[in-house]
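Work through the exercises below with the model open. Each task is followed by a solution in steps.

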Amino acid sequence: MVRRLRKTKKNQKYNYNCNRKRLGKKNRRNGHINDPEIRAAYDEKKKPANNIREMGLAYDVNRAIPIPNVKQQIKAMELELSGQKARPSRGNSSKEQPKQYVAARLEEDANEYAGSRFRMARSMVRVITDMIDRHGFNYKAMSLDWRNYEQVTWRQFRTKVRKFLRIPEQCTPYLEQKGWLDCDMNDPNDPRWKEYSTDDES
């Protein structure tokens, strides 16, 4: 069925509640850049692809690391065997970019080890510290305690306690409260750190 143009034109109305200027700005906006290094080097007057390329980064991963094309590889081998030089691809340009320092800084930040971000839940810390206060490091007694509502085995208690002691932000206040902050956990002669009912006890 053919649409009647007159009726379509008649139904089109201007929306006075819409701010066209604000909508245009929103459409032209490239979005918020979270990384401070890229944000500082970003030039609003240039296109996003040019900006990213000048920083030594890849805007399109498919172009930066293309899927190997067998036909092109065969053609390059034929040219090489015939003694002709193969034409270099556009993606593999070894030219130094003007803002290459951004990529170098990002690489340095990525190589830095930030440490483990794992943190135990407060309820779990409360249970572990309470069990250590009651039974020390006797994991068998912890598992047989009537407060062990979740039926945690002694091996699970051992794993949780050791993990808790490896998180300085959480275990330091507890050790300070107990007065064990200056003690050496690896000292086998200290009875406070002796583990009972465990596989690796001597």
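**Exercise 1: a bridge within a helix**

At 43% relative accessibility, R134 counts as partly exposed. Buried means under 20% relative accessible area, exposed over 50%, and partly exposed in between (1.4 Å probe, protein chains only). The model is predicted: local features need pLDDT of at least 70, side-chain atom pairs count only at pLDDT 80 or more, and totals for chains, interfaces and linings use all residues. Residues are numbered from 1 along each chain as its sequence is written, and side-chain values use heavy atoms, with hydrogens and water left out.

Solution. 
1. The rule asks for a side-chain nitrogen of Lys or Arg within 4 Å of a carboxyl oxygen of Asp or Glu.
2. D130 is partly exposed, with a relative accessible area of 28%.
3. D130 and R134 are separated by about one helical turn, because they are 4 residues apart in helix α8 (residues 122–135). Helices are DSSP runs (H or I, at least four residues) and strands are E runs of at least two, numbered from the N terminus.

**Exercise 2: bridges between helices**

Task: which helices does the salt bridge of D133 and K178 link?

Solution. 
1. The side chains of D133 and K178 meet at 3.2 Å, N to O.
2. D133 is in helix α8 and K178 in helix α11 (residues 168–178); the pair, 45 residues apart, links distant parts of the chain.
3. D133 counts as partly exposed at 42% relative accessibility, and K178 is partly exposed at 32%.

Task: where in the chain do the partners E37 and R105 lie?

Solution. 
1. The closest N and O atoms of the E37 and R105 salt bridge are 3.2 Å apart.
2. E37 belongs to helix α3 (residues 36–41) and R105 to helix α7, 68 residues apart.
3. E37 is partly exposed at 23% relative accessibility; R105 is partly exposed at 40%.

By the salt-bridge rule, the count comes to 7.

**Exercise 3: the aromatic pairs**

Task: how many aromatic pairs does a search of the whole structure find?

Solution. 
1. Rings of Phe, Tyr and Trp (its six-membered ring) pair if their centres lie within 6.5 Å; planes under 30 degrees apart count as stacked, over 60 as edge-to-face and the rest as tilted.
2. The search finds 2 pairs.
3. Y14 and Y16 form an edge-to-face pair, 4.9 Å centre to centre with 70 degrees between the planes.
4. Y16 counts as exposed, at 72% relative accessibility.
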